[in-house]
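Hi everyone, thanks for coming.

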Amino acid sequence: MSDAPLVGIIMGSTSDWETMRHAARVLDELGVPHETRVVSAHRTPQRLYDYATGAADRGLKVVIAGAGGAAHLPGMAASMTHLPVLGVPVESKALKGVDSLYSIVQMPGGVPVGTLAIGKPGAINAGLLAAAILATSDEALTERLKAWRAAQTDSVATNPE
């Protein structure tokens, strides 16, 4: 297996890492090579442009984009690449991430962003969804994903005591 990243995890600021690290952890557990970058739609627009337009040429297959507040990063990235973009709304202080969710989920027709739940659960599921997308053409990853899900099932107690 190559170490070249297949998934790019981008976020609007370093404070978003507290949420987005959960996507990276899941990908690590599944053996999916990935990279992480801080790419702000508002403060580093050229960095965003360079990242999104060059993602496919660098071998990425999926982009996970986490953002809070106005949360333009996932949609802007999606507008500049043909790769699937998975948006993770990062919980904001003012509106608890509802603002982020609305910003990401309300994309205009023709610029899709697969939007996940707010915060940590969304980041975990973004990692799992990225792995599932890649697993459609990687039987070894399919088996690792099945094992991960089986372990999750086995971890649920039968009785509440």
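Before we start, one cut-off: a residue is called buried if its relative accessible area is under 20%, and exposed if that value is over 50%. And keep in mind that this is a predicted model.

Take K96, which sits in the loop between β4 (85-90) and α4 (98-105). Is K96 buried or exposed? Its relative accessibility is 52%, so K96 counts as exposed. Now try A71, in the loop between β3 (62-68) and α3 (73-79). A71 has a relative accessibility of 3%, so A71 counts as buried.

Why did I pick those two? Look at their backbones. K96 isn't a glycine, but its phi is positive, about 60°. A71 isn't a glycine either, and its phi is positive too, about 50°. For background, most residues other than glycine have a negative phi.

Now let's go inside. Again some background: in soluble globular proteins, nonpolar side chains tend to be buried together. Here, the largest nonpolar core has 26 residues, and the ones touching the most other members are V7, I9, L30, V32 and I64. Which elements give two or more residues to this core? They are β1 (7-11), α1 (17-29), β3, β4, α5 (120-135) and α6 (139-154). The largest share comes from α5, with eight residues.

There's also a second, separate core of 19 residues, and A71 turns up again there, along with others including A65, A67 and L73.

Let's zoom in on V32 from the largest core. If you skip its neighbours within four places in sequence, V32 is in contact with V7, L27, A131, L134 and L141.

Next, the strands. β3 pairs with β1 in the parallel sense, over five bridges, and in that pairing V7 stands opposite V62 in β3. β3 also runs parallel to β4, and six bridges join them. There you can find G66 opposite V88 in β4.

Last stop, back on the outside. L95, V98, Y102 and V105 form a nonpolar patch on the surface, and together they have about 380 Å² of accessible area. L95 is in the loop between β4 and α4, and that loop is where we found K96 as well.

How values were computed: Residues are numbered from 1 along each chain as its sequence is written. This is a predicted model: local features need pLDDT of at least 70, side-chain atom pairs count only at pLDDT 80 or more; totals for chains, interfaces and linings use all residues. Side-chain values use heavy atoms; hydrogens and water are left out. Helices (H or I, at least four residues) and strands (E, at least two) are DSSP runs, numbered from the N terminus. Buried means under 20% relative accessible area, exposed over 50%, partly exposed in between (1.4 Å probe, protein chains only). A nonpolar core is a set of buried Ala, Val, Leu, Ile, Met, Phe, Trp, Tyr and Cys residues joined through side-chain atoms within 4.5 Å. Contact means heavy atoms within 4.5 Å. Patches are made of residues with over 30% relative accessible area and no salt bridge: like charges are joined within 9 Å, nonpolar side chains (Val, Leu, Ile, Met, Phe, Trp, Tyr) within 5 Å. Accessible areas come from the Shrake-Rupley method with a 1.4 Å probe; for residues, only the protein chains shown count as cover. A salt bridge is a side-chain nitrogen of Lys or Arg within 4 Å of a carboxyl oxygen of Asp or Glu. Two strands pair if DSSP finds at least two bridges between them.
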